Structure formats: C-alpha cells, structure tokens
Amino acid sequence: MNDQNLLPSLTDTRAIQITGGRRLEGNAFVQGSKNVALHLYAAAQLVDEPLALAGIPLILDTQVCAEILTRTGTAAQLVGNCLQVIPAAAWQHTIPDELGGRIRTTAVMAAGLLARAGRVDFPLPGGDAFCPRLIDRHLAAMEAAGATLTVTDTHVQARLPGRGPQSFTTDVMTQKWGPSLGATVTAMLLAARARGTSTILNPNAEPEVLAVAALLEEGGVGITWEGASALHIGGTDRITGGTVHVPPDRLEAVTLALAAAITGGAVHLDNTPVSVFPAALVAMLADAGIELVPERGGTLARCPAGPQPVQTATVSATCTDVQPQLTAFLTQAPGSSRIEERIYTARATHVEPLRAFGASVTAEGPTVTVHGPSPLTAARTAGHDIRAVAALVIAALAAEGTSTIHGIYHLQRGYGHLLSKLAALGAELTVVQQ
C-alpha cells in the first residue's frame, strides 16, 4: 500500500450540495464501528497468527491504519469489508508523520508497536482538532511498563529495555473527564505482552475497550475485571489469531436516525439491534423525542411527536460523538435545550456553522445551548471534524433551499457511505468539485 496514492489530500476541495425539505424514509445498513475498529487495528499488532477483522468500516481512517500496520511490519490487506492481518516477520519502529498525524489513535497504535518491537517513534495524534487531545495517561502507562520516554512538542520516542514490557500498575483516570478510553487500551496492549499480571486502575469500560478485551481474551490473554475499580491482565508471549467481527457503528446509526427524524421521516437500521446502543444514549435520544423500536432483527428509529427540547443532556463517553448531530436536530425542538459535554474541554466547532443556517445556538466552554425551533435556510459553510460535518448535513436536510457544505475529507474519515445512504432514503444531494 502507498499512502501517497491511497489517501486524498487534507485539503480536498469537493463540497456536498443538499437541497432540504425532503422527507427521509426507508432502510439502511449500518457500517462497522469506527471507534471499535480503530482500537482493534492497534491490538492486531499483538497477534502471532493471521487475524481477520470482519465488518470493518470502509473509511479513510481504516486506510490510514492499514498503511501504518504495513509500514511498521504487520502486513494488512483490505479485502471487501475485511482487514486481513499477517504477523510481522520484522518490525519497523517509526510511525510516519504523514500517517500518525491523520488519526487520533496514534498513541494506541504506538503502544502495540512498543509492546512488540521494544521501541517506537511516533508523532502526536492527529484526527479531529476541536480541542487538545492529551496523551499523558498513555505515556504514564508506557513508563509504568518500563519504557524510557523522550517527549517533544511534536513527537514521542519510547524505548523498552530487555525482553519487552514489565508487569505494571497504572491509573487511567483523568483529572476532569473520567477514565480515558484510549489510555485503557494502551495499557491493555502493553500488559498483554508483559511478563506477569498487570493492573489498570479505574479502567474505562466502553464498548471499544470491551471489544479489545474480547480479542485479547480469545487469543489467550488472562483478563479479570474488578468492577469499575481495576482491570487485571495476565500477559503472555503468544496470542492466537482467528476472526473477529466488528459490531455496527452506533454513531452512524444515530446520525442516520437524526437525519431522518429532522425531516419528519423514519429509518429502519437493518443490522443494528437496540442492544448496540448504550443505555445512556438511548435515554438521551428518548428525551429528544427519538424512539428506538426493535423490529425485524434491527431497529426502527422514529420521532412520532417531533423533536423535543432537552433540559440538560449530559454527554458521556458513549454519547460525545453524537453531540454535534444532536445539536443540529434540537434546533427544531420547541424550547431551550442544554447539552453538557463531559469528555472534552470544548466541542463546539459545529456551533458557528449551524448559526449560518439561522440556528439559535451558543456555546460556553463545554456547554451548548439551543433555542428552537429555528427556521433554517440554505447556507454555504464548512466543518473541520467528522461529527461537525455530519451535523451540518443534518441541518441542511431540514433547511429551505440548497446548501453547500465543505469538509468531505473529514466526513469520509468516519463515514464510508453516509451520503449514498441518505440519498437512498430520499435526500436530494450531490458531491461537486469546487
């Protein structure tokens, strides 16, 4: 694979044109989970036998991770919606800047490489830049595992002495925002290859972490949960392969549900049972008027009474990546809504572009306030991270006239075929060169 040919420019000039006012209704097949898959790609470096990750999302971040794996020694090939991984015969310890700077899981990928190669050089994470992405808990886990670190403003070098990671104890709790999901996975990957039993204090237990735990445990790693207080991992020098299925992407599912609901329509999520949605997310959507009904092996998402204002929606780890889309939807709810972000210090890059549509939206620190309903009219605007662009698409579907939205590169980092799915549901849209 050659990233220069494979990956589009960061300054992709194409734009999405959407004519609003079309009711969306029908069926949609939801892609594999982006956030789960990104962490499984990092875990794939630990496996000593061929591994197949089935049902992966066909997104740009998948292509970037596959290229990182291949360039650092682990052969990775995309075959349909499956990533086939062959263990490395030799390791290259550097994650190239042009690749590591495009994704937010760079430190997790680096942890897997450190556990196997004994050293790693990597750039600070890229991906969405709506606020600083701290990696202090990742680095603390690497140091606890015995690594010597050299950290600059742009790069990290980590070196392990001897035969690899030592067993360790590390705490992944952040000062303000709860247990770090990414740092939990970083610590798990290092512990899986350490000699003896390691302990992760205050581990995150979101679906992404559970998926990595399942892969490691199936491969022979000993994993014991001590409630929410600790996770114990018995390392091994051999992890078996096999086939792992990536679950449906709850974030694409919610994006499709909100897109249909804002137009007065409904969507059946064919391959996504209600159990895919964490309880906190179901409750948040219910408060906003969205019903998730089990039907025909999937979920019917509908909004029978129309958008409803949300007094205070507390956005946790399972919900943060739907906050911008929910904000766009709530512009059509009668009354005031308040959304409190509990994961990131600020996540409001979608607020000003939504105002271009005529939405009454403000942000103060981690809190977004929406006053509705606002009559939305077509706008020419841009988003600069995945979910912000998705929010603008949702607003454009409800706006009068034809909107032009820039930021398709970011959208395709997280959604493989969202636009074609929306078109199949009845949206009037096209991609044009600007």
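**Entry 1: the whole chain**

I began with burial. Of the 434 residues of the protein chain, 56% count as buried. I note here that this is a predicted model.

Next I looked up the secondary structure. The protein chain carries 15 helices and 23 strands. I then checked the radius of gyration. It is 21 Å for the protein chain, close to the 22 Å that the globule rule gives for 434 residues, so the chain is as compact as a globular protein of that length. I also took the box along the principal axes. The C-alpha atoms of the protein chain fill roughly 65 × 45 × 45 Å.

I turned to contacts along the sequence. Among contacts in the protein chain with a separation of 6 or more, 72% are between residues 24 or more positions apart.

For the surface, I got an accessible area of about 15900 Å² for the protein chain. Carbon and sulfur atoms own 51% of that area.

I have 28 positive and 35 negative charges in the protein chain. Their mean positions are 2 Å apart.

How many of the 13 residues of helix H13 are buried? I found twelve, so H13 (residues 386-398) is largely enclosed by the rest of the structure. The buried residues run as Ile386, Arg387, Ala388, Val389, Ala390, Ala391, Leu392, Val393, Ile394, Ala395, Ala396 and Leu397. I note that Arg387 is one of the buried residues in H13.

I recalled a general point about such elements. An α-helix has 3.6 residues a turn, so residues three or four places apart point the same way.

I then picked Ala328, which lies in helix H11 (residues 323-330). Is Ala328 buried or exposed? Its relative accessible area is 0%, so I log Ala328 as buried. I listed what Ala328 touches, leaving out residues up to four places away in sequence. The list is Ile262, Leu354, Ala391, Ile394 and Ala395. Ala391, Ile394 and Ala395 also stand among the buried residues of H13. I checked one partner by distance. Ala328 and Leu354 are 26 residues apart in sequence, and their C-alpha atoms are 7.1 Å apart in space.

**Entry 2: cysteines**

I searched the whole structure for disulfides and found zero. A disulfide is a covalent bond between the sulfur atoms of two cysteines.

Cys82 has 13% relative accessibility, under the 20% limit, so Cys82 counts as buried. Cys303, at 14% relative accessibility, counts as buried too.

**Entry 3: Thr404**

I went to strand E22 (residues 402-406), where Thr404 is found. Thr404 counts as buried, with 6% relative accessibility. What is Thr404 in contact with, leaving aside its neighbours within four places in sequence? I found Ala15, Ile16, Gln17, Ala379, Arg380, Thr381 and Gln434.

**Entry 4: Two prolines**

Pro247 sits in the loop between strand E13 (242-245) and helix H9 (250-262). I log Pro247 as partly exposed, with a relative accessible area of 32%. Apart from neighbours within four places in sequence, its contacts are Gln31, Gly32, Ser33 and Val36. I also took the distance from Pro247 to Val209. The two are 38 residues apart in sequence, and 13 Å apart in space, C-alpha to C-alpha.

Pro373 lies in the loop between strand E20 (367-372) and strand E21 (380-382). I checked the peptide bond joining Gly372 and Pro373. The bond is cis, with omega about 0°.

**Entry 5: positive phi**

I looked up backbone angles at two loop residues.

Asn202 has a phi near 55°, a positive value in a residue other than glycine. Where is Asn202? I place Asn202 in the loop between strand E10 (197-201) and helix H8 (207-218). Its relative accessibility is 23%, so Asn202 counts as partly exposed.

Arg296 is not a glycine either, yet its phi is positive, about 50°. Arg296 is found in the loop between strand E15 (291-295) and strand E16 (298-302). I log Arg296 as exposed, with a relative accessible area of 58%.

Technical notes: Residues numbered from 1 in each chain as written. Predicted model: local features only at pLDDT ≥ 70, side-chain atom pairs only at ≥ 80, totals over all residues. Heavy atoms only, no water. Helix = DSSP H or I, 4+ residues; strand = E, 2+ residues; numbered from the N terminus. Rg over C-alpha atoms; globule rule 2.2 N^0.38 Å. Buried < 20%, exposed > 50% of the residue type's maximum accessible area, 1.4 Å probe, protein only. Contact = heavy atoms within 4.5 Å. Areas by Shrake-Rupley, 256 points an atom, 1.4 Å probe, with all protein chains shown as cover. Lys, Arg positive; Asp, Glu negative; His and termini not counted. Charge placed at Lys NZ, Arg CZ, Asp CG, Glu CD. Disulfide = S-S within 2.5 Å.
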